[in-house]
Amino acid sequence: MIGLGLIGGSLLRAAHSIGRTTFGATTSEADADAASRAGFDVTTQVEAALGKAAERDAMIVLAVPLPAVEEVLRTVSRVAGHCVLTDVTSVKGPVLDSVRRRAPYAKFVGGHPMAGTANSGWKASNPALFGGAAWVLGVEHDTDLTAWAEVARLVLDVGAQVVPLPADSHDETVARISHLPHIFAAILATIGAQGGPLAMALAAGSYTDGTRVAGSSPALVRAMTEGNRDALLPIVDEALGRLGAARGSLASTGGLAVTVNAGYEGAQAFAASKDAERAGVRVSLSAPDARDGLIALGERGGRITAIEGDTAIGEVS
């Protein structure tokens, strides 16, 4: 494990708790000290940890912010360039491009667990963080499916469910349901705070719910939103169009029915998706069209819940 923040630390804890051999590194002396005192095999020497991974042919998980990925990949390529490599970064296209340039021989499977909190660092890590969560695993035309299955087994072992997707589909989708909400939360928090002490005294549930993720580390939020610029810009434009329409309607007729009703329907659709009946599906990882089958499953919102032999078993609405 390279990086021991909220996600990296939680994954290290979760993998250790199910009996997997784990070790890691972080450049944060505070996180390394805390993890060591908790009994984990960690170091501040990233190259040493990667050397150990190369010796053991271990899976490497990059749990560093997007701006740090390029530098770490240079060391991966030099020290452990043929290991199975995955990551937990919230943007997939830029990481995939970096791996292809910096560590072209690594057996790379991009990953993004859809789990987290507004807190960060080792102190916020929790081995139960991934229970029931969706975890995107990248499937591209050149993905090594043996390596993919190895990473998928780790994801399943720590309690998450696998959503197979290509990088471009992932990035467009998280722009809608993760990165835009972070921007909205930042704006809402700013506007609320500008109301002064009275606004802060009256703020209650709707303000708290709308601004929760504004308490996330600004550096991490900037890394994922700015890193997903190409996919995020058209989604921001879509949101601005809806805000503009709402303003126009409020100014001209005094009504917001279209905006409010559409939002209610969107919320109902999300709630209904949690209770929808799901059908079982099986994808043979040795089939010539296995990658297409995995992507089709993921893009329908399906999840893989088990790997048995060379077969991925999942469910889809």
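**Helix packing and a strand hairpin**

Helix α3 passes helix α4 in a right-handed crossing. The model is predicted. Helix α3 spans residues 46–56, and helix α4 spans residues 66–80. The two pack at an angle of about 40°. Their axes lie 9 Å apart. That angle makes α3 oblique to α4, because angles under 35 degrees would count as roughly parallel, and those from 65 to 115 as roughly perpendicular.

The contact draws on residues from both helices. From α3 come E47, L50, G51 and A54. They meet T75, V76, R78, V79 and A80 in α4. By class, five of the residues in the contact of α3 with α4 are nonpolar, two are polar and two are charged.

With neighbours within four places in sequence left aside, T75 is in contact with E47, L50 and A80. Of these partners, E47 and L50 belong to α3, whereas A80 belongs to α4.

Strand β10 covers residues 303–308, and strand β11 covers residues 311–316. The strands run antiparallel and are joined by five bridges. Across the pair, R303 stands opposite E315 in β11. Two residues lie between the strands of this hairpin. There, G309 takes a positive phi near 65°. In a regular strand, side chains alternate between the two faces of the sheet.

Key
Residues numbered from 1 in each chain as written. Predicted model: local features only at pLDDT ≥ 70, side-chain atom pairs only at ≥ 80, totals over all residues. Heavy atoms only, no water. Axes fitted to C-alpha atoms, helices over the stretch in contact; angles between N-to-C directions. Helix = DSSP H or I, 4+ residues; strand = E, 2+ residues; numbered from the N terminus. Parallel < 35°, antiparallel > 145°, perpendicular 65-115°, else oblique. Left-handed = near helix turned anticlockwise from the far one by under 90°. Contact = heavy atoms within 4.5 Å. Nonpolar A, V, L, I, M, F, W, Y, C, P; charged D, E, K, R; others polar. Pairing = 2+ DSSP bridges.
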